[in-house]
Amino acid sequence: MSAEPVSSCVRVAHAPAMPEWLALYFKRINLDIPSDINVGTLADIHFAHINAIAYDMLDVFLGVTPSFDMDEISKKLISGHRGGGCTQMNGLLAVVLETLGFKVRRTLSAVYRGDSGLKFSTHMVLLVRADDEEWICDVGFGYRGFLYPLRLHHSAQDVQGVHAYRVLRVGTLTWGVQYRRGAQWTNMYVLRDASYESHEFVVGQFFNAYSPLSPLKNNLVCAKPSLDGGSYLINSFLVITQGRTRTRRIVKSLGELVGVLSEYFDIELGPADFVALPPDMFDGPQ
C-alpha cells in the first residue's frame, strides 16, 4: 500500500482529508467514511468490520510470524483478503477509531475456555468513549463474539439477532462479559478497567500463536459471527449456524479447505501457501 502509513494516522486525525489507507479500510468493510463521532457511528463500524473481516488464526500454518506492525496488519486485513486474531483485528480498529476522533483504551482480558476455566490475560479488548459513555468493542473474539459494542455498565444486556450478551462488574477494576446459551449465562471473559500501550500486547500475541498452553497453537481456527448465527472452522470441522439450523461439514482435503476459507470467510489463499497443518487434520472420520 503506497498510501500514508497507518502508524502516522494519529497525527492526521483532524486533517481536512482522510488518509488513503482509511478510505481503503471503509471500502473493505463496505461502509461510507462517517462524518459524525457518536455511538451510532461506533456501532456501524463495529458491525461492518465483523461482517467483512473474519477472525483468522492461520499465520502459524502459513509460515508467517504474526505481525504487530500496524502497516503490515493494515495491508493484511484491508488489501490482503485475510483476517486476524484479537491483537490485529482490535489493534486496527483502535487506530481507525482514534483517527476518526474517538477516545480509545486498549485493555487486556482473560478468556474462559470451557472446562479449563480462566486462562492468562492475552486477549485485547477496546474500551471506547462515545456519547459520554464507555463501550466495550471487540471485533477479534471469533465465534459468539458480539457484533455491536456493549455498554460498559453493570447488568447491561444486549440482544443481537440470535445472540444475547451481559456485562457485569466483577471487581473494583474488572468487568465480565457473558453469553446466554439457552436459559444459562456463560462466561466469555473478564476484562480490566485499565489502559495499555500497543506494545504491551506483543507478548500476548506470541503466546496465543506459539505457546503449547494456547489452544490456537495446534488448531486451525477461523470464525465469522452473524446476527443469525455465524460460521466457524476448527481444523477440518466447519459449522454453519442460521437461526435454529446448524449444518456440520468435514473438510477432506487441502483443496477443499482453500475453497471453504474463500466461501465462508472471504480469505483468499492457495494450497501452496500452507507450510504446515494440524496433525492428522484430514485423517478423521470421512
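Tutor: Glutamate 134 counts as buried, at 17% relative accessibility. Buried means under 20% relative accessible area, exposed over 50%, and partly exposed in between, with a 1.4 Å probe and protein chains only. This is a predicted model: local features need pLDDT of at least 70, side-chain atom pairs count only at pLDDT 80 or more, and totals for chains, interfaces and linings use all residues. Residues are numbered from 1 along each chain as its sequence is written, and side-chain values use heavy atoms, with hydrogens and water left out.

Student: Which residue does glutamate 134 form a salt bridge with?
Tutor: Arginine 105, with the closest N and O atoms 2.7 Å apart. A salt bridge is a side-chain nitrogen of Lys or Arg within 4 Å of a carboxyl oxygen of Asp or Glu.

Student: Is arginine 105 buried or exposed?
Tutor: Buried, with a relative accessible area of 17%.

Student: New topic. How many salt bridges does the structure hold?
Tutor: 10. One of them joins aspartate 59 and lysine 76, with the closest N and O atoms 3.0 Å apart.

Student: What does that pair tie together?
Tutor: Parts that are 17 residues apart in sequence, because aspartate 59 lies in the loop between strand S1 (55-57) and helix H3 (70-79), and lysine 76 in helix H3. Both aspartate 59 and lysine 76 are buried.

How values were computed. Helices (H or I, at least four residues) and strands (E, at least two) are DSSP runs, numbered from the N terminus.
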